[in-house]
Amino acid sequence: MTHDVLVVGSANADLVVSTDRRPGPGETVLGGDTVVSPGGKGANTAVAAARLGANVALLAAIGDDTYGTMLSASLREAGVRTELVRTVTRPTGIAYITVTPDGENSILVSPGANQALDPAAVEGALAGVGVMVASLEVPLPTVERAIEVASAAGVRTVLNLSPPADLGARALAALDVLLVNEHEAAWLLGAAAEPARLLDLGPRSAVITRGAGGALVVTTSGITELAAPSVEAVDTTGAGDAFAGALAAALAAGAGLEVAARRAVGVAAISVTRPGAQPSYPSAEELPAW
């Protein structure tokens, strides 16, 4: 069993409510109807890559419940291979998401089954893989083990450091690409730190996503700024995962990091013009029009 891309990460049900404003402490605010859709950083990344034509497998854990069934079906429909998706006794993870009229979101995640994805799950999963991309809604030891095994096998490694966590120095040094947004970069380095200092942490390169501001590609040769197309944002949920999936798919197809990141900027821009996470991700056929 071989894959262009292996995604190690979470699979969640997204429960999304639109609201005029987010509630403050102790406050109740009325919102719109709840919309349930497939999500989770791992599943989102895998779907984004698969819709762009990559051969993708997801290593994740779900519960034996309605949400788990929904996620399995949505992954297969998107073309993601699910042989490595485990069904466990804990409930499927859930993300509670509020979206305001400007398209911005706030998210509370109940990890559930994602916490049952242990490091042993990685063993034997990386044979024939070109690019392994991981994110951090699953246990940190599992992510560190995935990076270690992938690096030793000559697999290109990408880590979407979201949500932020203290990754070990050994895992950071084994990374080909560290992917962070501006908030995560500031968490790592401090608000005033230079982006180039990300490489001092150990990875061979880094990409900083900046929302409507595009992205920065950081290598030993310098920093390249990539502009984003001007779009009207409807919902930014899952845009970072769209970027990660598009980046991994392009790298697996042989693109250089700058070209891959430029493509990912475009894919993420398309995604924010549509509601939801996975439902907003474009196919490869849609890209030329953008």
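Biologist: Axes here are lines fitted to C-alpha atoms, for helices over the stretch in contact, with angles from 0 to 180 degrees between N-to-C directions. At what angle do α1 and α6 cross?

Modeller: The axes of α1 (residues 41–51) and α6 (residues 239–252) cross at roughly 50 degrees and come within 7 Å. That makes α1 oblique to α6 (under 35 degrees is roughly parallel, over 145 roughly antiparallel, 65 to 115 roughly perpendicular, the rest oblique). Helices (H or I, at least four residues) and strands (E, at least two) are DSSP runs numbered from the N terminus. This is a predicted model, where local features need pLDDT of at least 70 and side-chain atom pairs pLDDT 80 or more, while totals for chains, interfaces and linings use all residues. Residues are numbered from 1 along each chain as its sequence is written, and side-chain values use heavy atoms, without hydrogens or water.

Biologist: Which residues make the contact?

Modeller: K41, N44, T45, A48 and A49 of α1 meet D241, A242, A244, G245 and A249 of α6, contact being heavy atoms within 4.5 Å. Five of these residues are nonpolar, three polar and two charged (Ala, Val, Leu, Ile, Met, Phe, Trp, Tyr, Cys and Pro are nonpolar; Asp, Glu, Lys and Arg charged; the others, Gly among them, polar).

Biologist: Pockets next. What volume has the largest?

Modeller: About 1100 Å³. A pocket is an open set of points on a 1 Å grid over the protein atoms alone where a 1.4 Å probe fits, with protein on both sides within 12 Å along at least five of seven lines; lining residues have an atom within 4 Å of a point. Points are joined across faces, edges and corners, and the volume is the space filled by probe spheres set on them.

Biologist: Which elements supply at least two lining residues each?

Modeller: β2 (12–18), α1, β6 (93–99), β7 (105–110), β10 (177–181), α5 (182–189), α6 and α7 (257–271).

Biologist: And the second largest pocket, what volume?

Modeller: About 220 Å³. Of its 15 lining residues, V16, V35, D235, P275 and G276 lie nearest the centre. Eight residues of that lining are nonpolar, five polar and two charged. β2 and β3 (35–39) each give two or more residues to it, and the largest share, three residues, comes from β2.
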